[in-house]
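Work through the exercises below with the sequence and the structure in view, and try each task before reading its solution.

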Amino acid sequence: MPALACGLAAVGVVALDLGGAAEPDRAVVESSAAGTSEAGRLLGRIALAAAEAEQPAVRADQFVYVESRVAFAGQSAAGGPATTAPAHTRQVWLSADGSRPGLLREDGGPDSPLHEDGPVFELDRPGATPRPRAARPAGPSIAEPTHAYVASLPTDPDALLKLIREQTRTAGQADAGQDPDQRAFAAIGDLLAETWAPPQVGAALYRAAERIPGVTVVPSAGDAAGREGVAVARTAHGQQTQWIFDRTTYAFLGERTVLSEAGDAGPAGTVLGTSAVLTKGAVDRVGELPLEAR
């Protein structure tokens, strides 16, 4: 994840509190045979909707608040199929300009301050044990964004994709392997999930995703809140990453990762991770909720 890597570590720890076995959803790996052309048309419509979306301004001294539902799968030390804990609420407050500590709050766990100089962790895969990142980049970046940084990103999709590729080449995103296209796709998904991009930047992110080879459409996919929509997906290293959108408004609903082929973690279609974005807003201090979330 981006400047949310601390938060992702917390999600990974929660994921080890496992519930029942993950149920495979066999339909999720049956991406549209039309392939990239259909995905490009869908992303074009999504980009137009993003460009026209109304969004209040975020002041530099405020915090971006994101509330979501998340669940991740993990395997026991003895191996066997992946199992998934029930979805839980995740709340994060991130300083808009990166100058003040943020906060991560998850059901069942203590509050976790998100400090500029705090430890940063990574996951090799959903449900894995977090490991410390060797070095933290200087200043905000695609991997460690602030709202101000996201707002300053290029609105030309070719320039934006070039920047994302350059930064993810050295970002050490082990979960995306050595596939530069998957690293770029995963980075855009992270920005969609837990940042609040201005409309023109949001549109450019979707236009940039159009230019990534291998992107397909999944006709039906559900998020962690049980909302059904249409998904844009990419498959790599035996896993399919899906971005789920409302069919009518094209609003981003959440993400899901499933096995695209059978393996030690289970049959194809096994859900490894799922999220649902419920609320985004701007607040004046950590712990405060925007009106729409009260």
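This is a predicted model: local features need pLDDT of at least 70, side-chain atom pairs count only at pLDDT 80 or more; totals for chains, interfaces and linings use all residues.

**Exercise 1.** Determine whether Asp-284 is buried or exposed, or lies in between, and find the part of the chain to which its salt bridge leads.

*Solution.* Asp-284 has a relative accessibility of 34% and counts as partly exposed, where buried means under 20% relative accessible area, exposed over 50%, and partly exposed in between (1.4 Å probe, protein chains only). Residues are numbered from 1 along each chain as its sequence is written, and side-chain values use heavy atoms, with hydrogens and water left out.

Next, the side chain of Asp-284 meets that of Arg-59 in a salt bridge at 3.1 Å, N to O, the rule being a side-chain nitrogen of Lys or Arg within 4 Å of a carboxyl oxygen of Asp or Glu. Asp-284 lies in the segment after strand E12 (271–283) and Arg-59 in the loop between helix H2 (36–52) and strand E1 (63–74), so the pair ties together parts that are 225 residues apart in sequence; helices (H or I, at least four residues) and strands (E, at least two) are DSSP runs, numbered from the N terminus. Arg-59, with a relative accessible area of 44%, is likewise partly exposed.

**Exercise 2.** Describe the surroundings of the salt bridge between Arg-90 and Glu-194.

*Solution.* The closest N and O atoms of this pair are 2.5 Å apart. Arg-90 belongs to strand E3 (residues 88–95) and Glu-194 to helix H5 (residues 180–194), 104 residues apart. Arg-90 is buried at 3% relative accessibility, and Glu-194 is buried at 4%.
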